[in-house]
Number of protein chains: 2
Amino acid sequence: MIRIYTSEQFIDTFIRSKNKAKSLSDDTLKIAKQVIDQIRLHGESALKEYVQKFDGYLPLNWEVTEEERKQAWSKVDGETITSLQKAADNIKKFHSKQIQQSKIMELTEDIISGQLYRPIESVGIYVPGGTACYPSTVLMNAIPAVLAGVSEVTMTTPVREEDSIAPILSVAADIAGVNKIYKIGGIQAIAALAYGTEQIVPVDKIVGPGNKYVAAAKSIVFGDVGIDMIAGPSEVAIIADETASPKYVAADLIAQAEHDENARTFLFTTSEKLINETKIEIVKQCEKLPRAIIAKKSLSTQSASVLVSNIDQAIDLVNKLAPEHVEIQLDNPLLYLSKVKNAGSIFLGSYTPEAIGDYFGGPNHVLPTSGTARFSSGLSVDDFMKKTTYLYYSERALCDAALHVVNIASEEKLIGHARAVQVRLGND
Amino acid sequence: MIRIYTSEQFIDTFIRSKNKAKSLSDDTLKIAKQVIDQIRLHGESALKEYVQKFDGYLPLNWEVTEEERKQAWSKVDGETITSLQKAADNIKKFHSKQIQQSKIMELTEDIISGQLYRPIESVGIYVPGGTACYPSTVLMNAIPAVLAGVSEVTMTTPVREEDSIAPILSVAADIAGVNKIYKIGGIQAIAALAYGTEQIVPVDKIVGPGNKYVAAAKSIVFGDVGIDMIAGPSEVAIIADETASPKYVAADLIAQAEHDENARTFLFTTSEKLINETKIEIVKQCEKLPRAIIAKKSLSTQSASVLVSNIDQAIDLVNKLAPEHVEIQLDNPLLYLSKVKNAGSIFLGSYTPEAIGDYFGGPNHVLPTSGTARFSSGLSVDDFMKKTTYLYYSERALCDAALHVVNIASEEKLIGHARAVQVRLGND
């Protein structure tokens with residue numbers, strides 16, 4: 001099912017020919033823009049119209065009440081709640097170490113400079129409903145925001161017919177520390193969060209996954225509010241040698257492939273035997289898989305095995321690919337950690353399947369895809385903070401700097417800049 | 001010249017009615033896309049064609065030679081060089097404190113997790129030529145990249161008729177530590193840096209200012225490479241009371257206004273006297289200003305004075321505006337630092353004109369505009385680094401986590417994810 005490529009074929013097919021993560025179609029953008037413009041212009045009345053039209057049901061109130069949030073707990077299995085709480089603990093523990101402090105760069109009698117790290121004031125988290133209704137999305141997006149100190153963390157997710165949202169999402173929101181939940185989905189949710197209405201308080205930044213309409217809406221409101229990345233299909237690259245278990249390798253490729261027909265799965269190995277046995281295992285394991293149709297489509301069209309002459313070659317290919325997830329199924333996996341330069345997140349050893357990272361281990365599962373790990377990073381506390389620099393000069397410090405500022409400003413022909421210094425020294 | 005607004009009028013005019021920083025026109029994007037597509041498809045031959053067409057002159061080699069870089073030093077005034085070196089020292093000193101370290105989040109016998117901070121491998125810096133030929137742009141963009149440890153820092157700037165680039169830019173590049181300089185400008189430079197040609201090595205991220213075509217090109221290649229922000233018009237907001245000097249305030253408003261007809265300048269003060277005297281000073285100081293026409297246009301159309309009842313009100317308006325630069329011309333300016341929540345950079349006291357920050361003080365001058373300081377930050381070493389998380393679980397750790405991962409995966413109906421854990425425990 002998973003096709004074998006030479007290293008050159010792999011580069012040509014998956015790296016050189018790589019097309020830009022397919023941009024949103026003009027039609028999708030047009031629809032999104034129309035909805036956004038209407039809600040921006042007409043507020044509540046337009047929002048109501050679109051929620052009725054697209055979500056098919058108008059909730060009594062936008063906001064989930066405290067009572068509704070309380071009731072949701074009784075609708076979720078207790079063991080699942082415990083597991084979500086344990087996952088949240090791990091995610092908090094990991095992300096809390098990301099919190100940075102304000103810094104003083106210079107502090108003398110005459111010069112003070114530094115950088116303030118402060119939370120963004122309000123953040124909106126979009127969480128899909130429907131079939132892809134994932135409590136892990138709530139935890140991964142909300143926990144770093146709460147840890148950053150964002151004072152208003154608002155979540156929004158589509159209303160369901162009975163005027164409710166999925167109880168599991170409400171419980172996850174409570175566990176993560178979300179302040180407010182709206183029952184709004186789709187483009188209209190993004191528009192309401194970006195611009196506000198009579199009832200909805202606008203936010204400064206919007207994060208979270210969604211379908212192509214949500215992605216289009218986020219790309220349109222970007223600039224007026226911040227957004228996170230627009231994610232492409234999920235990816236895993238496994239680096240393995242003959243010591244790896246074909247069972248484990250197959251299971252991890254399948255786990256990735258079951259996400260989406262377009263999910264991409266790669267195996268780089270020095271062992272032809274591993275390739276062959278993994279193929280057999282994939283067929284076997286797919287038999288019992290509920291989402292086998294999706295996984296098989298992905299594995300037969302978006303997948304590659306590459307037989308490499310040594311592990312360094314495998315790592316080189318992975319660095320060129322810059323995939324979202326990398327698994328290192330080798331002995332002594334830590335020895336290879338520093339060599340993997342371009343990756344969203346790295347999973348080390350035979351007992352760290354990527355599924356651990358999706359849910360439980362602590363690192364974030366919102367990660368760069370489509371080669372963007374070359375220049376960008378997974379979601380972290382930093383994404384919910386902003387940095388402001390500051391500078392104080394005394395009269396003496398300005399006096400000492402004056403000549404240099406005037407020289408550079410004059411070179412750049414910005415004489416008003418030079419004057420702003422000179423006027424303070426009585427040289428105007 | 002600078003119009004007086006009430007607080008309410010100010011909010012309505014400059015904040016509520018705020019339109020999205022004017023997006024790039026369809027025509028501009030269309031032209032940029034065409035050039036990019038051709039260079040991507042045909043490489044060198046297309047690049048040569050467009051450089052000849054748009055820059056008007058085809059350089060002998062794309063890259064500025066070592067000899068040419070050496071010669072540039074003799075063409076720049078020695079005093080200007082000294083000033084640029086002093087500025088570079090300050091910028092390095094400030095930015096070196098931004099460098100972050102890789103972190104270990106957890107380290108036990110059974111679990112290892114952490115986050116690697118590593119440089120982006122290659123970065124391209126676009127530097128305009130022509131009238132806005134600014135060595136400060138080179139320093140502010142290149143120094144953080146060099147400090148981050150980017151191994152290939154490439155600068156590109158338009159060729160001039162005599163097959164050269166502006167010597168001051170070459171000297172600034174040497175001072176900042178730029179590895180390579182190309183003589184290419186405009187859309188074609190962005191396309192070449194993003195996709196490479198037979199001669200040009202592609203980069204992972206492109207930063208630096210440019211005209212609307214450069215901005216459009218950057219927005220198109222984004223996703224295939226990283227980009228920095230697309231900046232709007234420059235802005236300053238001055239908070240001052242009756243102790244402030246109208247001379248200084250006027251000089252700083254003018255310095256901002258001389259950048260661009262669309263530059264925005266705001267004065268928030270408790271003193272009507274200051275407003276009136278500043279107006280008189282502006283007229284006086286503009287008389288001797290080479291760029292008076294630009295400054296006057298900006299000051300008469302993009303400018304506001306607001307008489308506030310107290311300083312807290314001024315700060316509240318500034319936080320709503322989230323301007324690029326804030327000046328606090330009050331006694332004890334440090335007392336107000338923490339109150340200014342949304343700003344790109346803050347300048348404290350009467351002897352810290354923003355011009356010091358543009359060139360010399362150390363903080364970066366590439367800053368968020370148009371209200372985006374609510375959710376984004378100025379250019380820093382972080383923009384040239386990426387974070388990769390990692391996770392190691394032992395068999396025992398996996399065993400302990402298994403039930404929870406299976407519970408959450410089952411809740412999300414991703415059974416392949418559950419199986420990736422179960423298969424390792426022999427429970428498949």
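Here are a few questions and answers about helix packing and sheets in this predicted model.

Residues are numbered from 1 along each chain as written, and chains are lettered from A and ligands numbered from 1 in written order. Local features need pLDDT of at least 70, side-chain atom pairs count only at pLDDT 80 or more, totals for chains, interfaces and linings use all residues, and side-chain values use heavy atoms, without hydrogens or water.

Biologist: At what angle do the axes of H2 and H3 of chain B cross?
Modeller: Helices here are DSSP runs (H or I, at least four residues; strands are E, at least two), numbered from the N terminus. Axes are lines fitted to C-alpha atoms, for helices over the stretch in contact, and angles run from 0 to 180 degrees between N-to-C directions. The axes of H2 (26–42) and H3 (44–55) come within 6 Å, crossing at roughly 145°.

Biologist: Which residues of H3(B) make that contact?
Modeller: Contact means heavy atoms within 4.5 Å. H2(B) brings B:Gln34, B:Val35, B:Gln38, B:Ile39 and B:His42. Facing them from H3(B) are B:Glu44, B:Ser45, B:Ala46, B:Leu47, B:Tyr50 and B:Phe54.

Biologist: Which are the edge strands of the chain B sheet?
Modeller: Strands pair if DSSP finds at least two bridges between them. The open, parallel sheet runs E6-E5-E4-E7-E8. Pairing on one side only marks the edges, E6 (180–182) and E8 (226–227) of chain B.

Biologist: In chain A, which residue of E6 stands opposite A:Thr154?
Modeller: E5 (152–156) of chain A pairs with E6(A) in the parallel sense over three bridges. Opposite A:Thr154 stands A:Lys180.
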